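Thanks for coming. I will go through one structure this morning, starting with helix packing and then turning to the domains. Please have a look at it first.

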Amino acid sequence: MKARRAHKIRQVRGGESLEGRLLIIDNASELLTLKGNNGRPRKGEGMKDLGSVQNGAVVIEDGRISKAGPKEEVLSDVDVEGAFVVDASGKLVMPGFVDPHTHLVFAGSRERELSWKIEGASYKDIAERGGGIVSTMKATREASHKYLFQLGIQRLDVMLRHGTTSLEIKSGYGLRTKDEIKILEVIKSLSEEHRTDISPTFLGAHAVPPEFKGNTDAYVDKVMKEMLPIVADEELADFCDVFCEKGYFDEDQSRRILDEGRTYGLIPKVHADELSDMRGAELAAEIGAISADHLEKSSDAGIGRMADRNVIGVLLPGTSFSTNLEYPNAKHIMDLGLPVALATDFNPNCWTKSMQFIVSLACYKMGMFPSEAIVASTINAAHAIGKASEVGSMETGKLGDVIVLNIENHEQIPYRFGFNHVETVIKAGEIVHG
Ligand code: NIG
Ligand code: FE
């Protein structure tokens, strides 16, 4: 994890400095610690383990979790005098959400595609009618670093107010060297300026740009030989991702890019089997990807191989919602032994910034229990971006990323859907909202 720099908070009220003071969150009607499992992602029955405590308290010292658990245990030997106390009576307290799959840096907006979808157009039809990734590419190529940065700050502020304290952001709307680098540099600036912890991913292989139409292999070469060396040289990404899909990049092309990325130290991720079974799950297992995301059309064999290789399955119900796709069968995928995470997939085709909405969809549409959906949005999501030693649960020494929600228990997150329950956001021990 990068060293924390002097972060500014834009447009988010609060940011009260608690330098040298203990921060205590007291009297939580339910506290979700997400503790346990020896640092491994949760799967099977373990996905229901929230480490839930009634009447809980959390102590944060120097930005990090010092203790979290039942109030009487946690506060027994703490000097409350001089501490800053947040009273969470009647409220739910949990780790900040981790959103492990977003495309947050893009220009333009594609609301006109909604009417096309209502008329029955598929994702592919929309791309053929001039919408989709390539239309966002055009707007993003035209946008300056400064403009994309300003949009990024506003989006991160909204996410933070909805409880997301760590997230991943992919490039992928430049699709030529200078603009892919521009997007990654915007992500870097955002990570220096904003309180949210950001994991950057290079997704040069998000689509074949019009200049390379009919010549995907030549574009793959460009990604491998021209873009990847710069991304690595300038240390602009932790992960390398590929949209492995018909009409985008096939299994072999995806493998070549991800293998090459690995030689530069970039950890592989895969957009796998969203619209068709491309053997993306198998590929993710074979190359030891940290996660394979989407999985709507993956085979049981592919999911089984992912489970054997400890690849996290990142499910994106917001995409199924906004694209009129079948939802992945999360229950079945969990039964096959895969550790599951959830993400917004925030992008111009799926415009949500709220992990709370994703938790609702996961429960109402994918057969996940509220406890499973919350595990998937916190500790397992942290595993999907390699940050589980720092965030995702309230273990001693981890970052003090804690949110207070104006509801009494965790089941009310999905049950009362469509609005923001988050009242207070604490990032690395600092109150950044509320
Ligand atoms: O993860 N599926 C590929 N990429 C995005 C959608 C990108 C877009 O439509 O702009 C996704 O859903
Ligand atoms: Fe995506």
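Let me start with helix α5, residues 145–161, and helix α6, residues 177–193: their axes come within 9 Å and cross at roughly 45 degrees. Because of that angle, α5 counts as oblique to α6. One caution before I go on: this is a predicted model.

Which residues make the contact? On the α5 side they are H145, L148, F149, G152, I153 and L156, and on the α6 side K182, E185, V186, S189, L190 and E193. Sorted by class, the residues of this contact are 6 nonpolar, 3 polar and 3 charged. As for handedness, the crossing of α5 and α6 is right-handed.

Next pair. Helix α7 covers residues 216–233 and helix α8 covers residues 251–263; the two pack at an angle of about 5 degrees, and their axes are 10 Å apart. Roughly parallel is therefore the description for α7 and α8. From α7, the residues that take part are T216, D217, V220, D221, V223, M224 and L228, and they meet Q253, R256, I257, E260 and G261 of α8. The class count for α7 with α8 is 5 nonpolar, 3 polar and 4 charged residues.

The crossing of α9 and α10 is left-handed. In this contact A281, E282 and A285 of α9 face A301, G302, I303, R305 and M306 of α10. That contact has 5 nonpolar residues, 1 polar residue and 2 charged residues.

Now the domains. How is the chain divided? Domain 1 is written as 11–94 + 393–433, and domain 2 is 98–384. Taken over C-alpha atoms, the centres of domain 1 and domain 2 are separated by 29 Å. The contact involves 37 residues from domain 1 and 34 residues from domain 2.

How much area do domain 1 and domain 2 bury between them? The figure is about 2,900 Å², with 65% of it on carbon and sulfur atoms.

I can go back to any of them.

Methods
Residues are numbered from 1 along each chain as its sequence is written. Chains are lettered from A and ligands numbered from 1 in the order in which they are written. This is a predicted model: local features need pLDDT of at least 70, side-chain atom pairs count only at pLDDT 80 or more; totals for chains, interfaces and linings use all residues. Side-chain values use heavy atoms; hydrogens and water are left out. Axes are lines fitted to C-alpha atoms, for helices over the stretch in contact, and angles run from 0 to 180 degrees between N-to-C directions. Helices (H or I, at least four residues) and strands (E, at least two) are DSSP runs, numbered from the N terminus. Angles under 35 degrees count as roughly parallel, over 145 as roughly antiparallel, 65 to 115 as roughly perpendicular and the rest as oblique. A crossing is left-handed if the near helix is turned anticlockwise from the far one by less than a right angle, and right-handed if clockwise. Contact means heavy atoms within 4.5 Å. Ala, Val, Leu, Ile, Met, Phe, Trp, Tyr, Cys and Pro count as nonpolar, Asp, Glu, Lys and Arg as charged, and the others, Gly among them, as polar. Domain bounds come from an automatic or database domain assignment. Buried area is the accessible area (1.4 Å probe) that two parts lose on being put together, summed over both.
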